[in-house]
Amino acid sequence: MMMTTDLSQFWDTDRVLRNPHKGWYHHYFDNGITHYMPERDEDLERFPGLNHLYLRLPWSDLEPEQGVFQWALIDDVIRKWVAKGYTISFRITCKETGTVYATPEWVRVLGCQGRFIDSFCSKGDWRPEYGDPVFLQALDAFHEAFAAHYDGQPWVEYVDIGSYGEWGEGHNSATDRLQLPFEVLKQHIDIHKRHYRKSLLAVSDDLPYEGVTADDSRLMLDYLVESGITFRDDSILVRYYMDVYPDSHSVRSPEYFARVAGDRPTILEIQHYGMCTGDADPTWSGANGSVRGAATLEGAMELMRATWIGYHGDARVFLEDNPLTAARLANRSGYWYFVQTIQLADTLSPGQTTQIRLTWRNAGVAPSYHIFELVLTLSSGSDERHEVIPDSGNRRWRPDEDCVEDYPLSIPGDIPPGEYDLRIRLQERVGKIVRPVALGFQSAIETDDGSYRVARISIVQSEKPVPVLMIQI
C-alpha cells in the first residue's frame, strides 16, 4: 500500500536560491576592459542568485600582437571568481564603441581592408571588412587558440559569437546599417562551430534579423537553430523596442526563442541601467521598477523562457534600487524546483527494494538543460545509507507543470531496524565537481549537506505494515 504526503506545507517561495546554470549574470567587462568591474567583491557576492560573470572584451586586448596572447587579463578574473563558485561566459568582439582597434591593428597592417567609422556612438573606430580573407584567417587562428585554452572547461556557461557588428551584437544599426549576405556571416559562425565543440554557442538575435534579404534571414535562422546555437536578446528595456514592441515586452523576435527554448537555454540582457534610469522619460523607474520596467523585464523573461538575465551597471546600485525584483527574478529565471507530494510503501524491511514517487513542480520559466542526480539517504543519526539515481528526470520538468517520477530505493539487508529520516538531494556531477541544486523548501528541513528531510520511516523485520510518517518540524 502506498501512502501520499503533501510536502507543499514546507515550501518557501521567498527564499532566494543560488543554483547552477541559471539566474543573474554580471557584465564584468563591457565596452572594453574598464566598465562595470565591482569596487568590492561583496557587491557581487551578495547579489541574489548571481550565477556567472560575463566577460565581453575586444580581440585586440587578448592578442595585441599576432600570435602573442594575453590570457592573464582574463585568467586572473577566472581563477578568483571560479574559486568562489561562479561560472564564466565570453564574448570577444571585433568592433567596440570607443576602441579604435577592437580588431587588432596588426590585422589591418597585414592587409585586411576596413574603414574608420564616425557616427553618434563611434568616433573614428576602425571596422574591418568582415568577409576579408585576411581578417577571417586571423580570426580563425585567434579562436583556435582561445578555444584550446577555454572550450569545454566545466566553469564555462557559453561563448557568444561576437565577431560581427557593433559590440559584437550582429548588426551595424548604430553606424551605417551595413548588411552582409548569409554566405559571409556563415563563415563567422563556422569558425566558432569548428573550434568550440564542447561549450554552448550563443548569438544575438540581431544576426539573423539583419539579413540582406528575407531569404538570407531565413537561411541564417535555420542554420543557427540546426547548429545547436542558442539566442540572446541584448535589447530588453531599450526605449525603441519598448515603444515599438510593447505587446512582446520589448522582445522583437519572440519566434526565435520559441524555436530553441525547448532544448537549449536562452539569454536576456537589459539595457545599461544608467541609461534606463537617467532619461527624462526613463524605461525603469520607481522602487524595484514598480512604476515602469519590472513588468516588462519579467514579461520578456517569461516570453523568452530565459535561463540567464544580465544587467549592465554597478551591482551595488542595481541591488540597492531593486532588492525585491532582483530576488524574485533570481528564482523565476530558468528552473525553480519544488516537491509537491511523496508516495512511499507503508511497509519497509531490510533487503527490500521499494519505490518512491515524487511529484515535482517547476515554478521557473524554463526547464533545466543539464542532468541532475537524485540522492536518497536513510539516516538514523549514527547510520547513513545513500542511493544515487544518476538521472532524476529533471530535464522533463517543464515550467508550471506537475511531473511524477518513480525512483527505486533499496533497503540494505544489513541495516538495523529502527527509525530513519528519509532525505532527498539534487546535485549536478561534472567529473569530480559536485554542485548542489537547492529546492524551494524551508531551511528548517534542510541539512548541512544540502539535502531535505521529507519523511520519517520505520524499518522493521516484521511483516506487519508500518506507516510512513511525515517528519514533524
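Trainee: Which residue forms a salt bridge with Glu373, and how far apart are the closest N and O atoms?

Mentor: This is a predicted model, in which local features need pLDDT of at least 70 and side-chain atom pairs count only at pLDDT 80 or more, while totals for chains, interfaces and linings use all residues. Residues are numbered from 1 along each chain as its sequence is written, and side-chain values use heavy atoms, with hydrogens and water left out. A salt bridge here is a side-chain nitrogen of Lys or Arg within 4 Å of a carboxyl oxygen of Asp or Glu. By that rule Glu373 pairs with Arg429, and the closest N and O atoms are apart by 2.8 Å.

Trainee: Where in the chain do Glu373 and Arg429 lie, and how many residues apart are they?

Mentor: Strands are DSSP runs of E with at least two residues, and helices are runs of H or I with at least four, both numbered from the N terminus. Glu373 belongs to strand E14 (residues 373-379) and Arg429 to strand E17 (residues 418-430), so the pair links distant parts of the chain. The separation between them is 56 residues.

Trainee: Is Glu373 buried or exposed?

Mentor: Buried means under 20% relative accessible area, exposed means over 50%, and partly exposed lies in between, using a 1.4 Å probe and protein chains only. Arg429, at 44%, therefore counts as partly exposed. Glu373 has a relative accessible area of 10%, which means that Glu373 is buried.

Trainee: Which residue forms a salt bridge with Arg396?

Mentor: Side chains of opposite charge can pair when their charged atoms come close. For Arg396 the closest N and O atoms of the pair are 2.7 Å apart, and the partner is buried, with a relative accessible area of 7%. That partner is Glu405.

Trainee: How many salt bridges does the count come to?

Mentor: Among them is the bridge between Arg435 and Glu428, with closest N and O atoms 2.9 Å apart, and both of these residues are buried. Salt bridges also link Arg91, Asp160, Arg232, Asp234 and Glu269 in a network. The count by this rule comes to 45.

Trainee: What is the distance from the sulfur of Cys112 to the nearest cysteine sulfur?

Mentor: A disulfide is a pair of cysteine sulfur atoms within 2.5 Å, and a search of the whole structure finds zero of them. Cys112 is accordingly in no disulfide, and its nearest cysteine sulfur, that of Cys94, lies at a distance of 9.5 Å.
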